[in-house]
Structures are given as C-alpha cells and as structure tokens.
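This briefing covers the cavities, pockets, helix packing and backbone geometry of one model. Please read it with the structure open.

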Amino acid sequence: MAKIKPFMAVRPDEKVAEKVAALPYDVYNRQEAKEAVKDNPLSFLRIDRAETQLPDSTDTYAPEVYAKAKEIFESFISDGTFIADNDRCYYIYQLAMDGRKQAGIVACASIDDYINNVIKKHENTREEKEKDRIRHIDTLSAQTGPIFLAYRSQTCINNIVARIISEYRPLYNFTSDDGIGHAVWKVSDECDITTIENSFAAISDIYIADGHHRAASAVKAGLKRRDACPGYTGAEEFNYFLSVLFPDESLMIMDYNRTIRDLNGLSREEFMEKVKENFTITEPGSAARPSKKGDISMYLDKKWYMLSAKEELFQGKDAVASLDVSILQDYLLSPVLGIKDPRTDSRIGFIGGIRGLGELEKRADTDMEVSFAMYPVSISELFAVADAGLLMPPKSTWFEPKLRSGLFIHRI
C-alpha cells in the first residue's frame, strides 16, 4: 500500500511566487536557461540550472555549479524569498490550460514504494542524467523538482480537494507567461490530512506519469543517505521524495511525434509502396491529427497523408507492442527507414504535441524529410504498460501542462 505523507514545505512568499516558479530544469538547453533567467533574478532556474550564473566556459556539471545553487538557495531563504512552513501538511496544486483544470495533492512519496514497485515506472532512465540531480539534491539537502504521479481516482480524495478549492482562498493564484493558470491551497486540517493519508494507504498502485529521471535521482540520493546513516529509522525525510499526485481522470496526454531526416535511400515512390504493405493510405486534403488509435498522420513533400495500420498488426500484441508508437516503429521506422534504435539514431527527432502540426511541417520542409503525428497514448495504456512491468519506447507520452519547480521544496 502507498505511503504518501504530509511534509513541511519550503516555498515562495506569496508576493514573489509567480516570479520564482519555473518550468522543469530539463526542458531547457543551457542557452535557453540563460535567456530565461536574464531578466528575472528570482527565477528558480537560477537554482535548478546554476551554470547560468557562471561564465559560459564553466562545465555544466562542475562542482562550483552545485555550490552556486546552494548559495542562491540559502540566500533566497535568508532574504525572505522563501518561507518555511512549520506544520506538516498537504497542498493542492491546480493547473488550468485551455479551459481544462487538474488538481493534484502535493506530498512526499516513499522511496521504498518506488523500490518495491508500488510506484510503477514505464520508462528507462539514463545514469548520466541521474548523476546531475543526485549531486544537486545532495548539495542542497533538498528536492526541488516534484515528480508527476498518477493514481486511479478516489472519491474521498476528490471530495476533499473540491471542498477546499471551493471554500478557501488559495496561497498562490497566477497565470504564467505561457498562459497556464497555477493555484495552490494548503491542507492543514488534521481530519483532512488523516483522511488523505489513509486513502492513499489503501491504494496499491501509483504511477510515474512524468519525471522518471527526477524520481530515480531522488531515490538514489535517499539510498546514499541511508548508507551514510546505518541506524536510520525510516522516518527521516531522505526516505521520501517530493511529488504531486493526480487522479487519472483529470489528466491529458498529448501526442509525441516523430520526424525523420531522410527516406533511407528510397525514392518517394518506393517509400510509399513499402508503407502500403502495412498501412492503408488516404489523403485528407489538409493537415489533420489522427482521430483514433491506429491512425498516424504523415507529412511528406508538402502533403499530408493518413496512415491506418492494418488490423492484423495489433493481434497478439502485449501492452507495449500494441501502442501506436510501437506499431510505427516496428512496421515503418525500423524496416523501411532503418531507424533501428530511436534512442541513439541521430536521424530521428521528437516533437511534443504542444508544438502543433506546423512544427512537423516546418521540420520536414527544412532539415528533415518526413514527419509523423501520433494518436496520443491513453492513461489506461500507460497504466497497462506499467502494470505488466514493461517499458514504453522513448518519447511516447507528452504531459501538459508541466508542473512548475520552486513552488514546493522538500528539505531532506
């Protein structure tokens, strides 16, 4: 059963929360991060990506980068940018995008639940990406980026969330530059806290929706501290990691699309003939997203096509092999275009659905040759993959809106 506990958050003063809140560190490259903090000295990116505060010649992973992050973090505490709550509580974090709202519980999840697969994964992680965040957590003695978790909706939790949102003034309520609404409430009533904690304790499966590397890093940082404290009891803060947990019914997964540099030596006519072996091709006449599972939009030579996977391609397939991204990979990208390993092949690019079909057109018309728009993976498909102990192909899911970093910090 899941152990999801309240905690004492370090968080921004209400007057500056909007300026502090920042997108996750890993959505930026170095130059983008530097531009993002240039005119906003309160941006949490200054802590999450402290190399932006050092000369460009400084290695991103140099010791002085982490030391600078700690320096800025402590200065934000000392000057009142951050305040520290002195009571253990949950928080509600509501995000609004295009008229749709999703509200999650901000809490700390158990690293043992992660190890024992109560908290389930659907993606691989890369060790080199983990090392950076482990050092960041270790140096700050704090987790700064919440993990996006999902669970099967629970009426009891939903009712508490809905009541607090309707009856109480939020701690924070602002709209970020990208048009996303952010609102936060504190859950401090002991009865509500107990009900939420007990409700999660009755849940057997929780899923990482987004933030696999952040989760793995937080767990490994916690295990490192356990090694250094052989008499640990399990109650120490390093045994838990910062999370926001959302009910499945409130979530939206967007498409995660592909663009390919060339046709693997084939003429356009030869390529289309090979595509027809496993897909029915129609011409919608204009740009159109796939409207159902099994359909894939393709843009080639300034023209859109709809590829419909033949029914037999799905027969006898497990939860991963039956995903649309797997069908495209196994029956077109690999055998026709020669993309054997999408994790390492430089000929493939990935474009989040938030960028729109226009970005797929732009890429195929400039530095690439052909683009594919996918039908989004459903949350039930994600759960099925994780329940089966399987892993999705890389870049299968794109969640929007993104959680902001800096609104909640968990000191360990």
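The largest cavity holds about 140 Å³ of space. This is a predicted model, in which local features need pLDDT of at least 70 and side-chain atom pairs count only at pLDDT 80 or more, while totals for chains, interfaces and linings use all residues. Residues are numbered from 1 along each chain as its sequence is written, and side-chain values use heavy atoms, with hydrogens and water left out.

**Cavities**

- The structure holds two cavities of 30 Å³ or more. On a 1 Å grid over the protein atoms alone, a cavity is a set of points where a 1.4 Å probe fits but cannot get out, and lining residues have an atom within 4 Å of a point. Grid points are joined across faces, edges and corners, and a volume is the space filled by probe spheres set on the points.
- The largest cavity is lined by 16 residues, of which Ile137, Gln143, Thr144, Gly145 and Arg214 are the closest to its centre.
- Two or more lining residues of the largest cavity come from each of α6 (127–140), β7 (142–143), α9 (212–228) and β12 (240–247). Helices (H or I, at least four residues) and strands (E, at least two) are DSSP runs, numbered from the N terminus.
- Seven nonpolar, six polar and three charged residues make up the lining of the largest cavity. Ala, Val, Leu, Ile, Met, Phe, Trp, Tyr, Cys and Pro count as nonpolar, Asp, Glu, Lys and Arg as charged, and the others, Gly among them, as polar.
- The second largest cavity holds about 50 Å³ of space, and its lining consists of Arg258, Val325, Gln329, Leu333, Pro342, Phe350, Pro393 and Pro394.
- Helix α11 (residues 324–333) gives the largest share of the lining of the second largest cavity, three residues. By class, that lining has six nonpolar residues, one polar and one charged.

- The largest pocket holds about 1600 Å³ of space. A pocket is an open set of grid points with protein on both sides within 12 Å along at least five of seven lines.
- Among the 43 residues that line the largest pocket, Asp26, Lys129, Tyr256, Lys395 and Trp398 are the closest to its centre.
- The elements giving two or more residues to the lining of the largest pocket are β11 (206–210), α9, β18 (348–352) and β20 (398–399). That lining has 20 nonpolar, nine polar and 14 charged residues.
- The volume of the second largest pocket is about 390 Å³. Of its 15 lining residues, Glu18, Ala21, Asn40, Ser176 and Asp177 are the closest to the centre.
- The lining of the second largest pocket has seven nonpolar, three polar and five charged residues.

**Helix packing**

- The axes of α6 and α9 come within 8 Å and cross at roughly 55°. Axes are lines fitted to C-alpha atoms, for helices over the stretch in contact, and angles run from 0 to 180 degrees between N-to-C directions.
- That angle makes α6 oblique to α9. Angles under 35 degrees count as roughly parallel, over 145 as roughly antiparallel, 65 to 115 as roughly perpendicular and the rest as oblique.
- On the α6 side, the contact (heavy atoms within 4.5 Å) with α9 includes Lys129, Ile134 and Ile137, and on the α9 side it includes His213, Ala216 and Arg225. By class, the contact of α6 with α9 has five nonpolar, two polar and seven charged residues.
- Helix α4 (residues 63–78) packs on α6 at an angle of about 45°, with the axes 9 Å apart. That makes α4 oblique to α6.
- Pro63, Tyr66, Ala67, Ala69, Lys70 and Phe73 of α4 meet Asp132, Arg135, His136, Thr139 and Leu140 of α6.
- Helix α7 (residues 155–167) and helix α8 (residues 190–201) pack at about 150°, with their axes 9 Å apart. The two helices α7 and α8 are therefore roughly antiparallel to each other.

**Backbone geometry**

- Most residues other than glycine have a negative phi, and most peptide bonds are trans.
- Ser141, in the loop between α6 and β7, has a positive phi near 50°.
- The peptide bond from Glu400 to Pro401 is cis, with omega near -5°. Pro401 lies in the loop between β20 and β21 (410–411).
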